[in-house]
Amino acid sequence: MSIQFWLLDINSEIRNGSPEVWLWGIDDTNRRVLLIDRSFLPYFYAVVSPSENPEQVLERIRDLGKEFPLIRDLELLDRKFFGKQVKVIKVTCTDPDSIVTYSKKLKRVPGVENCLEDSIRYIMRYLIDKEVRPCRWHQADVEEIEDISGIIADNIYVIRSALKYIERAELPAFRVLGFAMIEYSRTGTPKPEKDPIVILSASTNKGNGIQILADKDENAIMQGFISYVKENDPDVIVGYGTNQRDWPYLLTRARKLGLRLSLGRVNGEPHTSMYGHISITGRANVDLSDFSDELTSVKIRTLENVADALNVFRLKDRTIIEETDLAEYWEDSKKRIALKKYSLENLSSIMGLANPTMEYATELSALVGLPLDNIGVTAAGFRVEWVLIREAQHFGELVPEHREYPYFTYEGGMVLKPKPGVHENVAALDFKSMYPNIMISKNISPDTYLDPKEGDYQGAFTVTPEVGHRFRSEPPGFYKEVLTRLIRVRDDIREKLKTLSKDSVEYRLFDARQRAVKVITNATYGYAGWLGARWYVKPVAEATAAWGRYSIRSTIELADKLGLDVIYGDTDSIFVSHDSMKVGLLSKRVREQLGLEIKPDKIYIRILFTEAKKRYCGLFPDGHLDIVGLEVIRGDWAEVAKNVQEGVLGILLREQSPEKAVDYVQRYVSELLSRRVAFKDLIIWKTLAKPVGEYAVKAAHVEVAKMLMKQGWSFTLGDKIGYVVTVGRGKLYEKARPHSMVSYDEVDLDYYVENQILPAALRILEQFGVSKDSLTKPLQNREA
DNA sequence: GCGACGAACTTACCC
DNA sequence: ACGGGTAAGTTCGTCGCG
């Protein structure tokens with residue numbers, strides 16, 4: 001029989017001495033299925049030294065049979081390594097665990113230059129070789145087998161054919177289970193070794209929620225959660241911060257209570273897997289917080305802030321309880337009602353985030369080829385790398401091992417000095433995917449690079465401006481092939497989107513797909529210059545950036561010739577006066593002469609630059625401000641400073657009245673001085689970027705973190721520390737206090753005026769001839 | 001001993 | 001744990017100064 005299924009999770013087992021790939025999925029009749037593939041054996045490649053006779057080397061290995069009893073097959077093949085033809089022996093083994101040890105041993109056999117691809121794990125090898133993609137539909141001929149004990153599935157099959165990919169823009173009807181928990185510690189951060197979980201709220205996308213309290217007995221929570229998962233048999237389990245916090249906490253508590261957290265579709269506990277995510281066999285554990293860094297406008301990416309930004313649960317409707325107050329809310333029976341509500345609202349936010357996140361997560365998982373429960377925790381560089389590894393297979397290119405390289409920087413994009421002041425009618429022109437298109441048009445790739453050590457080259461090649469790197473023009477390189485395909489796929493999706501209704505499921509999925517493709521395409525240049533990359537070749541990144549500078553320089557020259565005033569530019573953009581005719585001519589010439597596309601991305605009625613690069617504010621025709629780089633959009637300035645700066649920008653760009661702006665600042669300052677601005681607007685948030693002991697100088701947020709740590713609070717890297725500056729003598733770091741420990745009358749308002757509001761306001765107002773004196777003098781009069 | 005100055009450290013941004 | 005380029009605040013050492 002034949003079935004169609006959507007691939008949810010993958011694991012491998014060794015049964016009866018043979019490896020098996022287990023594919024967990026949902027079929028097109030909405031049954032939970034397990035498909036077992038017994039047809040695939042792991043392998044690696046032994047690269048034959050160029051001076052050796054490949055057949056002889058193969059025989060030499062064959063003769064060592066006794067030392068390698070688990071080798072099943074040896075096959076001589078042609079492959080490329082960094083573009084060079086090589087002979088390899090594909091060494092197929094019967095046991096995935098033997099791959100690494102065998103490859104190490106084989107490296108010592110004479111005639112074997114190196115062994116490759118032994119680091120690609122069995123299930124990934126399977127997915128790549130069989131062209132199977134997680135989160136996509138596949139068809140297979142299967143044979144049903146009787147139950148294997150302990151497995152939760154509607155049907156279990158053995159696969160009898162190759163899997164066939166089915167293009168279907170549709171997600172199965174998942175059963176999604178979300179959960180949120182609250183732990184109790186009288187003071188400080190709860191520690192799983194001693195502090196119990198007191199509230200656990202869970203629900204499914206069918207809506208049957210539960211909330212379990214641990215009045216006397218935490219067992220109720222643990223047992224309740226385990227049976228809730230069993231009863232609902234979810235495909236996907238979501239939460240916020242579950243990989244870092246909830247799962248490790250649950251596992252430690254369970255161990256403490258002598259319980260087993262059997263939550264998988266086989267009898268197993270959640271366990272740590274590739275790249276450090278928590279895996280639950282047969283289900284997809286998805287931590288929604290792993291996808292929140294895409295929301296760069298949200299500066300403190302808490303669940304409530306992210307839910308607010310995505311319109312899932314508005315902050316104004318939320319019960320918010322500070323971490324420092326949780327214990328008190330649990331202890332007080334009246335306040336506990338609010339705590340229960342808070343937990344339910346966390347859960348509801350999680351359930352709301354699940355849908356939009358899953359659309360993107362499944363598309364990214366399918367594109368990259370990493371399992372759904374894995375993709376979120378996988379760093380951007382590795383996502384690109386897995387796309388490349390998959391493509392390398394088709395390209396006949398061997399996957400290099402990561403090596404250690406010395407760190408040297410190289411010159412990057414070019415940033416122009418802006419023309420300070422206000423400009424009217426400005427167009428910001430952008431190159432379309434500049435770096436990827438440069439890599440394509442110049443054939444810049446690890447396998448086309450001509451190392452100077454190799455001497456002269458007879459065929460056609462390009463020489464990179466400024467840095468002189470050479471790349472073969474033919475044949476098309478690995479990156480060129482991959483990037484061309486990615487760009488074409490994205491263009492096709494975007495065409496298709498035009499034909500779809502914006503609120504259809506299909507539209508949302510294809511939109512998520514094109515976003516995923518874009519992210520990967522744009523990250524390829526960064527990948528090329530990343531020391532951790534398997535395909536790290538510095539000249540690839542360096543040459544791409546050099547051609548980028550060349551392109552923007554040439555574009556500026558073309559603009560000059562057309563009489564277009566270039567006001568600013570950064571890497572792949574130039575800001576010019578908005579003259580449609582000339583802009584059209586410019587993009588025509590750029591296309592003809594540089595082979596790159598440039599087009600207006602944004603049109604401003606009016607735009608303000610200061611002397612600084614990377615900071616400006618434009619006014620769109622619809623009245624909105626486009627604020628870039630300035631304090632308004634930085635997360636490490638107090639809200640008061642950001643408010644004032646935004647107000648000033650609005651008045652200056654919309655009403656063009658410096659007088660009004662000055663007045664606005666002065667009014668705001670007097671509001672502040674009479675303590676009429678909200679206390680939370682005085683908190684300054686900064687990221688703890690390293691362990692507190694590793695800082696070379698004393699910094700306010702670090703000293704504040706230390707104070708909190710003395711009281712039992714603990715922090716992990718990346719946590720935001722919120723502090724308020726209080727009155728007193730000394731350095732800033734001596735006056736900063738945790739925001740939770742400061743009362744309004746202790747605040748050093750003068751600091752906020754002098755070091756927050758005035759600098760932020762003056763940065764803008766200076767462009768209009770307003771000095772600090774003219775801003776503050778009348779203020780003193782007003783006070784007097 | 002103390003203020004001016006600038007380098008170093010630090011964060012967060014742009015593309 | 002993808003790149004380099006940049007702004008900006010705070011700390012901290014150094015230098016000059018009877």
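Modeller: A term to start: two strands pair if DSSP finds at least two bridges between them. Strands (E, at least two residues) and helices (H or I, at least four) are DSSP runs, numbered from the N terminus. This is a predicted model, where local features need pLDDT of at least 70, side-chain atom pairs count only at pLDDT 80 or more, and totals for chains, interfaces and linings use all residues. Residues count from 1 along each chain as its sequence is written, chains are lettered from A and ligands numbered from 1 in the order written, and side-chain values use heavy atoms, without hydrogens and water.

Colleague: Which residue in strand 21 is the bridge partner of Val 463?
Modeller: Arg 470. In total, 3 bridges join strand 20 to strand 21 (residues 470-472), and the two run antiparallel.

Colleague: What order do the 3 strands of the open sheet take?
Modeller: 19-21-20, with antiparallel pairing. Strand 19 (449-450) and strand 20 (461-463) are at the edges with a single partner strand each, so one side of each has no neighbour in the sheet.

Colleague: New topic. How many residues surround DNA strand C?
Modeller: 29, with Gly 412 and Tyr 751 among the closest. Near means a heavy atom within 4 Å. Helix 20 gives the most to that surface, 4 residues.

Colleague: Which parts of DNA strand C are within 4 Å of the protein?
Modeller: Of those atoms, 91% belong to sugar or phosphate, the rest to bases.

Colleague: Where is the polar side-chain atom of Arg 615?
Modeller: It lies 3.2 Å from a phosphate oxygen of DNA strand C.

Terms used
Polar contact = N/O pair within 3.5 Å; in protein donor to acceptor, adjacent residues only side chain to side chain.
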